[in-house]
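This briefing goes through one protein model by topic. Keep the sequence and the 3D view open while reading.

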Amino acid sequence: MNDVANDLKSPSSARSTPHTETREFRHFIDGAFVASKSGRTFENRNPVDGSLIGQVCEGGRAEVDAAVAAARAAMDGPWGRMPVTQRVELLYKVADEITRRFDDFLAAEVADTGKPVSLASHIDIPRGAANFKVFADVIKNVPTETFEMATPDGGSALNYAVRVPRGVIAVVCPWNLPLLLMTWKVGPALACGNAVVVKPSEETPATATLLGEVMNAVGIPKGVYNVVHGLGPDSAGEFLTSHRDVNAITFTGETRTGEAIMGAASKGLRPVSFELGGKNAGIVFADADFDAAVDGIARAAFVNCGQVCLGTERVYVERPIFDRFVAALKSRAEAMKPGLPQDKSTGIGPLISQEHLAKVLSYYDKARAEGATIVTGGGVPQMPDELRKGAWVQPTIWTGLPETATVVREEIFGPCCHIAPFDSEDEVVHLANDTPYGLCTTVWTTNLSRGLRMGTRIHVGLCWINSWFLRDLRTPFGGSKQSGIGREGGVHSLEFYTELRNVCVKYA
Ligand SMILES: NC(=O)C1=CN([C@@H]2O[C@H](COP(=O)(O)OP(=O)(O)OC[C@H]3O[C@@H](n4cnc5c(N)ncnc54)[C@H](O)[C@@H]3O)[C@@H](O)[C@H]2O)C=CC1
Ligand SMILES: O=C(O)/C=C/C=C(\O)C(=O)O
């Protein structure tokens, strides 16, 4: 899926699931782990077997106020005056400490999500470290503009731009790639000199909490990185995004949640950066390298149990290879063995929760009711007794549905896809673009001209040709239409996490 951090260490072991110990997940505010004033908590359960991992403190207005105040104080303290070179050194240390504690992060992420160790150890945790290193390098190397001008009195003036941090950034996170997506925001925010208040998903509190230990260990000043746990509406998420002393909000998650957060951000006119839902098309032309295309689409549809916003739930295959492609993808889906995260043979983990399982299964039912041919899957796999309470679901492939069918229109966020045949490039461009979303696409062809054309014709923020989820963190990342607002990555992140101030110096 992603090889950006292949140089980073792989784990030797990971704590096994199911869990026998439980623990408490506290907020991390002003450099200290604290419980909620209200004493309210909610459960964190392991989706592999439904076992209790621990209790999570539910933040209210008091915790959000305290975290935002700590972040503001950090901006007014040594952090706000720290030279960029010193900040960069600290961020390298954060990355190194994540790598040193690789096994702890891996165990925490795997317990929260149930995803296979093989996946989390190659994607989630290495990217958690890389997100700090890359943005430390970006901020160190980025120039700003200067303009010299003549003044009316015959003198001169020098204009130069400086990048200043925005201030306190709210970072609202999803559960599908918890450490990766949280640090994708926290890395550049801190590199740019901001302070953050993170609201992790209620489903995955662990790695954001663990990062608090890392921040203290390497000497990030207190108040620079804060975490408040809680839910969304009428809880920490809403309280944070509507807090008047937050200067900007960055969010990854569902489009409807993005709309709610945008409403909150409009009070006080705070800028937002949103990466939202998708209904991404995978397109396979008859001239594609067949095996590579099957491999790419299998990953795009099923990896992380289909819980990737960049995933492919609509596949269009050129008619001459349609039947062969459907058969090959069916074999790939059926070879994905569900099982314990640490088992090397495990090909697919559970969904994140019983609630999400119910949602995905409701789409499986709708597909059946609307007349789909179920090529494979369509239900829940047989699991051994000790895993029966897990959120397991079968990878599923449908054919035969019209473009108006619910599972062809709506984001499911499960390991499933509908495959339809097409007959021409114009037809497939129309089909791919016929959605309110516009996050990404993956196109498979050996015709170079066609590949280049597709790069301009599909209305998305990200277009992969003969690849999928191949990431260079310097590139612009984000969605078009209802899939997002803004771009992050490389210097584009700086556009969101800093403001450019022009300084005009008049001289004789
Ligand atoms: N990366 C993506 O694009 C993701 C998309 N999803 C989609 O969203 C669906 C629902 O999953 P959720 O985790 O419930 O996503 P969500 O968008 O509701 O939640 C994401 C984050 O936003 C917070 N949040 C929710 N409502 C909020 C509000 N009104 N104000 C401030 N913060 C709020 C949540 O607590 C969580 O931290 C999934 O079934 C999937 O379809 C979910 C996770 C990631
Ligand atoms: O590589 C990234 O930065 C992000 C990848 C995936 C998502 O954004 C997502 O699934 O939400």
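The model is a predicted one.

- Glycine 486 sits in the loop that runs between strand 22 (484–485) and helix 17 (490–497).
- Not counting residues up to four places away in sequence, glycine 486 touches Ser273, Phe274, Gly478 and Phe496.
- Proline 271 is 215 residues from glycine 486 in sequence, and their C-alpha atoms are 10.0 Å apart in space.

**Domains**

- Contacts between the two domains involve 21 residues of domain 1 and 22 residues of domain 2.
- On the side of domain 1 that touches domain 2, helix 4 (102–113) and helix 5 (117–122) each supply at least two residues.
- That side of domain 1 is made up of nine nonpolar, eight polar and four charged residues.
- The UniProt record, an unreviewed entry, places the feature "domain: Aldehyde dehydrogenase" at residues 33–503.
- Across residues 33–503 the chain is 41% helix and 21% strand, with 41 Å between the end C-alpha atoms.

**Ligand 1**

- Ligand 1 is surrounded by 26 residues, and the closest are Pro174, Gly232, Gly237, Gly253 and Cys309.
- Helix 9 (236–241), helix 10 (255–266) and helix 13 (354–369) each give at least two residues to the shell around ligand 1.
- This shell holds 10 nonpolar, 10 polar and six charged residues.
- Both domain 1 and domain 2 give residues to the shell, so ligand 1 lies between them.

**Ligand 2**

- The residues around ligand 2 are Asn176, Leu177, Leu181, Trp184, Thr252, Glu275, Val308, Cys309, Leu310, Arg471 and Phe477.
- By type, the shell around ligand 2 has seven nonpolar, two polar and two charged residues.

**Glutamate 275**

- An unreviewed UniProt entry places the feature "active site" at Glu275.
- Glutamate 275 belongs to strand 12 (residues 272–275).
- Is glutamate 275 buried or exposed? Glutamate 275 is buried, because 27 other C-beta atoms lie within 10 Å.
- Leaving out residues up to four places away in sequence, glutamate 275 touches Thr252, Cys309, Gly478, Gly479 and Gly484.

**Nonpolar cores**

- In soluble globular proteins, nonpolar side chains tend to be buried together.
- The largest nonpolar core has 88 residues, of which Ala71, Val171, Val196 and Val197 touch the most other members.
- Another core lies apart from it and has 61 residues, among them Tyr363, Ile412, Leu462 and Trp464.
- Beyond its neighbours within four places in sequence, alanine 71 is in contact with Val168, Ala195, Val196, Val197, Gly223 and Asn226.

**Isoleucine 29**

- Isoleucine 29 is part of strand 2 (residues 27–29).
- Isoleucine 29 counts as buried, because it has 26 C-beta neighbours inside 10 Å.
- Apart from neighbours within four places in sequence, isoleucine 29 is in contact with Val34, Glu63, Ala66, Ala67, Ala70 and Asn226.
- Leucine 431 is 402 residues from isoleucine 29 in sequence, and the two are 48 Å apart in space, C-alpha to C-alpha.

**Two residues with positive phi**

- Aspartate 234 has a phi near 55 degrees, a positive value in a residue other than glycine.
- Aspartate 234 is in the loop between strand 10 (225–227) and helix 9.
- Aspartate 234 is exposed, because 10 other C-beta atoms lie within 10 Å, and the limit for exposed is 12 or fewer.
- Leucine 269 has a phi near 50 degrees, a positive value in a residue other than glycine.
- The loop between helix 10 and strand 12 contains leucine 269.
- Leucine 269 has 6 C-beta neighbours inside 10 Å, so it counts as exposed.

Conventions. Residues are numbered from 1 along each chain as its sequence is written. Chains are lettered from A and ligands numbered from 1 in the order in which they are written. This is a predicted model: local features need pLDDT of at least 70, side-chain atom pairs count only at pLDDT 80 or more; totals for chains, interfaces and linings use all residues. A residue is near a molecule or strand if its C-beta atom, placed from the backbone, lies within 6 Å of it. Ala, Val, Leu, Ile, Met, Phe, Trp, Tyr, Cys and Pro count as nonpolar, Asp, Glu, Lys and Arg as charged, and the others, Gly among them, as polar. UniProt positions are given in the numbering used here, feature names are shortened, and annotations may be inferred rather than shown by experiment. Helices (H or I, at least four residues) and strands (E, at least two) are DSSP runs, numbered from the N terminus. A nonpolar core is a set of buried Ala, Val, Leu, Ile, Met, Phe, Trp, Tyr and Cys residues joined through C-beta atoms within 7 Å. A residue is buried if 20 or more other C-beta atoms lie within 10 Å of its own, exposed if 12 or fewer, and partly exposed in between; C-beta atoms are placed from the backbone. Two residues are in contact if their C-beta atoms, placed from the backbone, lie within 7 Å. Domain bounds come from an automatic or database domain assignment.
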